[in-house]
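Thanks, everyone. Let me put the sequence and the structure up, and then I'll walk through the helices and their side chains.

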Amino acid sequence: MSELADTLRKRTLAFCRVLRAEGLPVTPSRVMDALRALDHVDCAREGDFRLALRLNLAGSREDETTFERAFDLHFHASGDPRRVRGGIRGESMKGSLGHH
């Protein structure tokens with residue numbers, strides 16, 4: 001496994017822990033399914049990467065909303081508190097998050 005692939009897997013596992021902490025039913029089997037799905041998509045294409053994870057880790061519309069906010073925080077916020085106001089649960093819903 002390349003260093004980049006190893007780093008991506010580690011960040012994905014950390015993301016799964018974030019989702020579980022947010023109340024999503026992220027079981028070990030769902031995590032394994034998500035990691036297996038990543039073997040079949042071009043992870044350099046964010047939309048494909050995001051969809052592969054969302055399909056395996058978010059089981060309801062409510063879960064998808066939490067997933068989308070958590071994904072943006074985990075993979076894009078880079079510690080910038082201005083990126084997402086109020087954290088994952090405290091963010092106000094102004095408009096639709098949309099799905100890619």
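First, a term: buried means under 20% relative accessible area, exposed means over 50%, and partly exposed is in between, with a 1.4 Å probe and protein chains only. Now the ground rules. This is a predicted model, where local features need pLDDT of at least 70, side-chain atom pairs count only at pLDDT 80 or more, and totals for chains, interfaces and linings use all residues. Residues are numbered from 1 along each chain as its sequence is written, and side-chain values use heavy atoms, with hydrogens and water left out.

The overall layout, then. The protein chain has 5 helices and 0 strands. Helices here are DSSP runs of H or I with at least four residues, strands are runs of E with at least two, and both are numbered from the N terminus. Along the sequence the pattern reads α-α-α-α-α. Of the 100 residues in the protein chain, 31% count as buried. Contact means heavy atoms within 4.5 Å. Take contacts between residues at least 6 apart in sequence: 54% of them join residues at least 24 apart.

On to charges. Side chains of opposite charge can pair when their charged atoms come close. The rule for a salt bridge is a side-chain nitrogen of Lys or Arg within 4 Å of a carboxyl oxygen of Asp or Glu. How many salt bridges does that rule give? The count is 9.

Start with K10 and D6. Their side chains form a salt bridge, 3.3 Å from N to O. Why this spacing? The two sit 4 residues apart in helix α1, residues 3-21, so about one helical turn separates K10 and D6. Is K10 buried or exposed? K10 is exposed, at 53% relative accessible area. D6 is partly exposed, at 30%.

Next, D48 and R45. The closest N and O atoms of this salt bridge are 2.9 Å apart. D48 is partly exposed at 27% relative accessibility. R45 is exposed, with 52%.

Now D72 and R50. Here the side chains meet in a salt bridge at 2.8 Å, N to O. D72 lies in helix α4, residues 61-76, and R50 in helix α3, residues 46-57, so the pair ties together parts that are 22 residues apart in sequence. D72 is partly exposed, at 21% relative accessibility. R50 is buried, with a relative accessible area of 5%. And there is a network: salt bridges with shared partners join E46, R50, R54, E68 and D72.

That brings us to helix packing. Two packed helices are described by the angle between their axes and the distance between the axes. The axes are lines fitted to C-alpha atoms, for helices over the stretch in contact, and angles run from 0 to 180 degrees between N-to-C directions. Under 35 degrees counts as roughly parallel, over 145 as roughly antiparallel, 65 to 115 as roughly perpendicular, and the rest as oblique.

How do α3 and α4 pack? Their angle is about 135°, with the axes 11 Å apart. That makes α3 and α4 oblique to each other. On the α3 side, the contact residues are E46, F49, R50, L53, R54 and L57. On the α4 side, they are E64, F67, E68, F71, D72, F75 and H76. By class, this contact of α3 with α4 has 6 nonpolar, 1 polar and 6 charged residues. For the classes, Ala, Val, Leu, Ile, Met, Phe, Trp, Tyr, Cys and Pro are nonpolar, Asp, Glu, Lys and Arg are charged, and the others, Gly among them, are polar.

α1 brings L8, T12, F15, C16 and L19 to the contact, and α3 brings F49, L53 and L57. What is the makeup by class of α1 with α3? The contact has 7 nonpolar, 1 polar and no charged residues.

L8, in helix α1, is partly exposed at 26%. Leaving out residues up to four places away in sequence, L8 touches C43 and F49. R11 is also in helix α1, and R11 is partly exposed at 36%. With that same exclusion, R11 touches H74 and F75. The C-alpha atoms of R11 and H74 are separated by 8.4 Å, although the two are 63 residues apart along the chain.
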